[in-house]
Amino acid sequence: MIDPRLSGKYAVAGVGTSAYGKFPEKDDFHLAADAFADAIEDCGLDKSKIDGLAVCRVPHYAPMAEMIGLQPRWTLQLPPHGRMSGISIIEALAALDAGYCDYAVLLYANIGRSRRIQYGGEESPGFWDPWGFTSMGAIHAMLFREHMERYGTTTRQLAEVSVAFRKHAVMNPSAVMREAFTIDDHEAARMICDPLRLLDYCLINDGAVCLILTSVERAKDLKKKPVAIAGIGAQDALRHASYPQADFWFDALQKTADQVYPMASVGPSDIDALMVYDNFSPTVLFSLEGMGFCAPGEAGAFVEGGTLGLGGALPANTDGGHLSNSYMQGWALNVEAVRQVRGECGARQVPDCEVVQYVAATPCTRSIIYRPA
Amino acid sequence: MLTDVSRPLPKRTPVNAPFWEHADRQILALPWCESCGKTHFPPSPRCPHCLHDAFDWRPASGRATLVSWVVFHRSYWDGVAADVPYNVCLVELDEGVRMLSNLVGAAEEAPRYKMPLKVTFTDRFPDLILPVFDAA
Ligand SMILES: [Zn+2]
């Protein structure tokens, strides 16, 4: 069991991002350095105090540290998987609590757009290739078909997810995709892997994100209001990792919910804004069911009528998410969570926003609840 | 214009070779642990239940239930492009393990959730005999 003493003890002190889009002239290190500079500007930390560094999708920690002038005593390299964003933040908490470092910098960079990464085929050979099965999107398509058959969920209900997030992106000057679309537009979009269409798929773009974590006490000496990590939860579902999960990750999500809510002393009804991993739109529905925002099988009806939009019952992915803001594999969602708690989100700010939850339903399910320190 | 359709060939390893060698003879086989007697899929170097490392590869019943299916409208490999759109299904074998495969025949024409299926084999791809599923 996670030590409840960790609740509210550590904070995100600074956040930063690069620009999002297509930057063939910049490599991953360059974008990550941009995000780091932005985070230092954000919180005003003297960077000579930084003694922890974790990098994810940045190709190598050593040139990264050299380029931004860091000399850490805690260094970690994580594989380029979306599930590693939540994992990195949780690992950094443990490192801070163990005294491995006092200020942890987490850096993520992705140049998938400029490298024309397609997340399938020869890039990721697997046992199922002879049957033509590849790409994460197809796993989500397979799961969503089962959800449709089992519960009667419709693609028009699924469209509510990407329509709501695009509306948020329209209000986010940093977002890559800023043209609104309707449920009918979603239904008419090009089929990629039936039942999923183009607008159910995340973007592929370049960009980088930086988070700076330290104790709440230390964070209070910096420029911005510290945003405390009030709760964390984790459960993997790796036992049958090579094919689509029979339960829509429900068991892993429930076990994660059982940790994150009690630790943060809140429940689903207290969540002011939800940042939910959305590499493909069905996983948003699965997250809502697994976290207990609605009963299993009822997420389709739950999201109808703009529930996830600003002004709805559960504003989600207020930056536009992976579907419309930027494919930063969970990292940008955690930045948005921090900015919502700080009240920095301008036109897309959720009023009186105090409790923000991040959740990623993946074979490594993670959730984090942020509250004002 | 007729274009050659192909599929990525299996990457045969000591662990999965028995599966593909049986498939070459039009047999759907599963590994049964010689210690605990349970089966698993896809093939593993050790029994995921008890960690034993020897398996008796035996023909499966070939009976399965349709759990889910998708239709790929884009291709991720050159040889597959001419085959788009094509389906991939998730089935549960009567032996209790799941596998990804393709639907053919009546099952491809009209897939139904939980419909009973039976294995068959296709040789329409070069250098590949592939276990696929039709309506039982
Ligand atoms: Zn065994």
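These legends accompany close-up views of a predicted model.

**View 1. The zinc ion and its four cysteine donors in chain B.** Cys33(B), Cys36(B), Cys47(B) and Cys50(B) each coordinate the zinc ion through SG, at 2.3 Å. Along the chain, the donors are spaced as C-x2-C-x10-C-x2-C.

**View 2. Angles at the zinc ion.** The four donor atoms subtend angles of 102 to 115°, so the arrangement is tetrahedral. For reference, the ideal angle at a metal with four tetrahedral donors is 109.5 degrees.

**View 3. Strand β7 of chain A and its burial.** The strand spans residues 206–215 and is mostly covered. Of its 10 residues, 10 are buried.

**View 4. Pairing of β1(A) with β7(A).** Strand β1 of chain A, residues 10–17, runs antiparallel to β7(A), and seven bridges join the two strands. Ala11(A) is placed opposite Thr214(A) of β7(A).

**View 5. Pairing of β4(A) with β7(A).** Strand β4 of chain A covers residues 103–111 and pairs with β7(A) over nine bridges, in the antiparallel sense. Tyr108(A) has Val209(A) in β7(A) as its bridge partner.

How values were computed:
Residues are numbered from 1 along each chain as its sequence is written. Chains are lettered from A and ligands numbered from 1 in the order in which they are written. This is a predicted model: local features need pLDDT of at least 70, side-chain atom pairs count only at pLDDT 80 or more; totals for chains, interfaces and linings use all residues. Side-chain values use heavy atoms; hydrogens and water are left out. Donors are N, O and S atoms within 2.8 Å of the metal (3.2 Å for Na, K and Ca); water is not among the atoms, so sites may look incomplete. Four donors count as tetrahedral if all angles lie between 85 and 135 degrees; four count as square planar and six as octahedral if opposite donors are over 155 degrees apart and all others between 65 and 115; anything else is irregular. Buried means under 20% relative accessible area, exposed over 50%, partly exposed in between (1.4 Å probe, protein chains only). Helices (H or I, at least four residues) and strands (E, at least two) are DSSP runs, numbered from the N terminus. Two strands pair if DSSP finds at least two bridges between them.
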